[in-house]
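Please open the structure in a viewer and keep its selection tool at hand.

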Amino acid sequence: GHHLLEVDNLKMYFHTQDGVVHAVDGVSYTLDRGETLGVVGESGSGKSVTHMTIMGLIDMPPGKIEDGDILYRGESLLEKSEEEMRHIRGNDIAMIFQDPMTSLNPVYKIGRQLGEGLRLHRGYTKQQAQERAIELLRLVGIPNPEKRVNEYPHQFSGGMRQRVMIAMALACDPDILIADEPTTALDVTIQAQIIELMQEMQQKNGNAIIMITHDLGVVADMADKIMVMYAGRPVEFGTADEIFYESRHPYTWGLIRSIPEQAVDEKKPLTPIHGNPPSLVNLPKGCPFAPRCPYAVDVCHEQAPEYITTETGHYSACHFADDPAFLKFAPDTSRS
Ligand code: SF4
Ligand code: MG
């Protein structure tokens with residue numbers, strides 16, 4: 001059968017006055033029902049823009065899909081009309097955005113915003129939509145939903161608004177839930193609750209989750225697979241275990257060393273990655289990570305690495321990804 005979602009060598013560039021921005025530059029992965037994919041990288045690595053492209057939200061100038069394909073249940077999303085895409089976004093693939101305040105309309109009551117998709121895509125009456133909105137608020141753990149459904153976004157706390165966003169995304173039982181840093185603005189306890197909630201929903205509905213985050217620690221326990229992105233492309237992809245315990249890319253090593261919990265032990269000091277991601281207009285000629293990579297040698301500055309893939313499908317874009325002597329530099333994340 002088909003994968004639920006198959007992204008195949010997707011490339012999307014922005015054509016700007018300053019030049020061509022290689023925002024998405026060869027992203028490939030597959031996702032099946034019930035799976036969770038973690039997409040990890042610093043801000044500006046292309047995580048969000050890749051998924052906005054997949055949602056069909058960037059298909060007009062200056063953005064242009066240059067190559068590749070996006071297959072949902074075996075059908076190319078690139079061949080869908082704008083109307084079909086709107087339907088897919090309302091029913092099948094939903095995205096929770098970073099900041100609930102920008103995605104919720106401040107002048108409409110929560111109930112109306114929750115019910116809008118159901119009225120639009122499912123033909124619910126106003127009354128049915130209101131009842132379902134109350135149900136959804138209850139589902140995401142908002143107390144007193146009969147009252148809250150008639151309130152406005154500003155009457156909700158940050159954590160509660162994030163729950164409303166999840167309720168909104170779940171309203172039409174999507175097959176795929178894309179969550180873009182849904183917890184960054186929240187405190188740790190609420191973060192944990194939101195993630196738990198998403199996982200409960202997943203167990204009930206069998207939907208797939210794509211979790212976008214700059215913090216590898218956030219997806220440590222929840223993801224089945226992880227894609228690490230840098231400069232608009234995946235630099236490493238594998239199961240969560242492969243990424244944590246058998247990583248083959250120095251950028252991933254840097255992300256692991258930046259997870260606060262990794263530094264509890266004094267022998268493993270917290271070491272942020274120095275420098276900044278490159279401009280996506282003028283990418284360095286060789287490995288895009290070379291200017292920041294502590295292990296870079298001449299060939300890294302000259303030649304872009306190809307993907308090196310293991311038998312299990314774990315791949316890495318580093319010249320030395322299959323060199324056992326080199327892999328000894330990986331952080332010591334002994335399994336416990
Ligand atoms: Fe570092 Fe070279 Fe590997 Fe790039 S190819 S990640 S610069 S060692
Ligand atoms: Mg982002």
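**The whole chain.** Begin with everything displayed, bearing in mind that this is a predicted model. The secondary structure of the chain comprises 13 helices and 12 strands. Along its principal axes, the C-alpha trace spans about 65 × 45 × 40 Å. The radius of gyration is 21 Å, which agrees with the value near 20 Å that a compact globule of 336 residues would have. Of the 336 residues, 41% count as buried. Among contacts with a separation of 6 or more, 62% join residues 24 or more positions apart.

**The open sheet.** Next, select the eight strands that form an open sheet in the order β6-β7-β8-β3-β9-β10-β12-β11. The pairing in this sheet is mixed. Which strands are at the edges? They are β6 (93–96) and β11 (308–309), each of which pairs on one side only.

**Strands β1, β4 and β5.** Move to strand β1 (residues 5–16) and strand β4 (residues 63–72), which pair in the antiparallel sense over eight bridges. Select M12 to find its bridge partner in β4, I65. Strand β4 also pairs with strand β5 (residues 75–76), again in the antiparallel sense, over two bridges. Here L71 stands opposite S76 in β5. Then select R73: in the hairpin of β4 and β5, which has two residues between the strands, R73 takes a positive phi near 50 degrees.

**Around ligand 1.** Centre the view on ligand 1 and show the residues around it: P250, C287, F289, A290, C293, Y295, A296, C300, P305, C318, H319 and F320. How many residues of each class make up this shell? There are 11 nonpolar residues, one polar residue and no charged residues.

**Helix α5.** For the last stop, select K126, which lies in helix α5 (residues 126–139). Is K126 buried or exposed? K126 is exposed, because 11 other C-beta atoms lie within 10 Å.

Methods: Residues are numbered from 1 along each chain as its sequence is written. Chains are lettered from A and ligands numbered from 1 in the order in which they are written. This is a predicted model: local features need pLDDT of at least 70, side-chain atom pairs count only at pLDDT 80 or more; totals for chains, interfaces and linings use all residues. A residue is near a molecule or strand if its C-beta atom, placed from the backbone, lies within 6 Å of it. Ala, Val, Leu, Ile, Met, Phe, Trp, Tyr, Cys and Pro count as nonpolar, Asp, Glu, Lys and Arg as charged, and the others, Gly among them, as polar. Helices (H or I, at least four residues) and strands (E, at least two) are DSSP runs, numbered from the N terminus. A residue is buried if 20 or more other C-beta atoms lie within 10 Å of its own, exposed if 12 or fewer, and partly exposed in between; C-beta atoms are placed from the backbone. Two strands pair if DSSP finds at least two bridges between them. The radius of gyration is taken over C-alpha atoms; the globule rule is 2.2 Å times the number of residues to the power 0.38. Two residues are in contact if their C-beta atoms, placed from the backbone, lie within 7 Å.
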